[in-house]
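Subject: Model handover

Hello,

Here is the model we discussed. My notes follow below it.

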Amino acid sequence: MRSIKQPGVPVVERIQWVEARGRAFSFTLESGLPLLEAARRGFAAEGFAGGVLNFRHGALGPFAYVMPALSKTGENAAFYSDTYRPGGVTRTKLGSMTLGMRDGAPFFHCHGLWTEADGKTSGGHMLPDETVVAEPFEVQAFGVDGAMFAAEPDPETNFKLFGPVAATSAGARATSRAFALRLRPNQDFAGCLEAFCRAHGIARAKIHGGVGSTIGARFTHGGVTEPFATELAITAGVIAPSPSGALEAALDVALIDYTGGMAEGLLVRGDNPVLMTMELVLEVLG
């Protein structure tokens with residue numbers, strides 16, 4: 001399996017996780033608000049301090065983002081491009097967000113694909129402090145109670161990354177057993193989720209959110225992303241028994257690589273290792 005050498009020493013525990021309770025719901029992001037504040041208000045209205053969400057068609061402006069890029073210093077296995085600030089209204093095709101805390105304040109990690117006002121299609125990593133909701137649009141969310149994604153220094157990758165930590169219950173109405181997860185580098189995306197579910201007696205689960213990166217990508221439709229540094233959003237995902245009875249993860253994703261190439265589709269199981277991180281929530285269905 002492909003692998004990328006990280007600057008730090010790998011920790012023994014390759015999946016960071018916290019068990020919690022949660023609930024799926026939808027809400028509409030309010031026009032004129034920073035995307036971060038609009039998302040925070042939507043979760044807070046349902047009693048949640050954080051969680052994950054997915055969206056399709058939306059409108060953002062002003063808007064700022066970065067793309068994956070090669071590291072110029074060698075201090076990281078890959079890095080970010082300079083900041084892009086397209087004019088006008090950017091129309092999103094899809095996106096996935098993790099809403100948590102960084103340095104004691106709300107923060108998000110959000111990847112997506114979009115079309116800019118001049119017709120350019122692109123994607124990458126949205127910047128919380130420079131992105132504003134231009135028109136109201138609906139998102140599909142999953143709030144987590146008893147866990148929180150918190151940005152903390154990660155010696156292995158030399159980044160400050162979101163990972164789940166235990167949190168005091170906010171008393172939100174939570175109806176499902178859930179696990180907040182962070183997958184660490186150089187392990188197959190599908191395989192480690194399948195192993196996690198087997199280890200925790202989970203027969204069936206649905207993925208909510210899903211923000212991270214893979215070392216290139218291999219798709220079941222035959223497509224291949226060769227450039228190793230990507231920014232990826234999960235668009236749909238389930239872990240369920242195959243006809244043979246074995247647990248299998250079906251992971252539909254969209255990504256952009258550091259050359260600007262974009263791809264979408266169902267990932268091949270066993271051939272898509274994590275590059276830096278992958279954050280998501282598993283809702284237990286059985």
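E194 is buried, at 7% relative accessibility (buried means under 20% relative accessible area, exposed over 50%, partly exposed in between; 1.4 Å probe, protein chains only). E194 forms a salt bridge with R269, with 2.7 Å between the closest N and O atoms (a salt bridge is a side-chain nitrogen of Lys or Arg within 4 Å of a carboxyl oxygen of Asp or Glu). E194 sits in helix α2 and R269 in the loop between β18 (262–266) and β19 (274–284), so the pair ties together parts 75 residues apart in sequence. Helices (H or I, at least four residues) and strands (E, at least two) are DSSP runs, numbered from the N terminus.

This is a predicted model: local features need pLDDT of at least 70, side-chain atom pairs count only at pLDDT 80 or more, and totals for chains, interfaces and linings use all residues. Residues are numbered from 1 along each chain as its sequence is written, and side-chain values use heavy atoms, with hydrogens and water left out.

R269 is partly exposed, at 39%. R269 also meets E248 in a salt bridge (3.7 Å, N to O). E248 lies in strand β17 (residues 247–257), so this pair ties together parts 21 residues apart in sequence. E248 is partly exposed, at 32%.

A190 is also found in helix α2 (residues 189–199). A190 is buried, at 5%. Not counting residues up to four places away in sequence, A190 touches A249, L251 and R269 (contact means heavy atoms within 4.5 Å).

The whole structure holds 17 salt bridges. One of them joins E37 and R40, at 2.9 Å. Both lie in helix α1 (residues 35–45), 3 residues apart.

Best wishes
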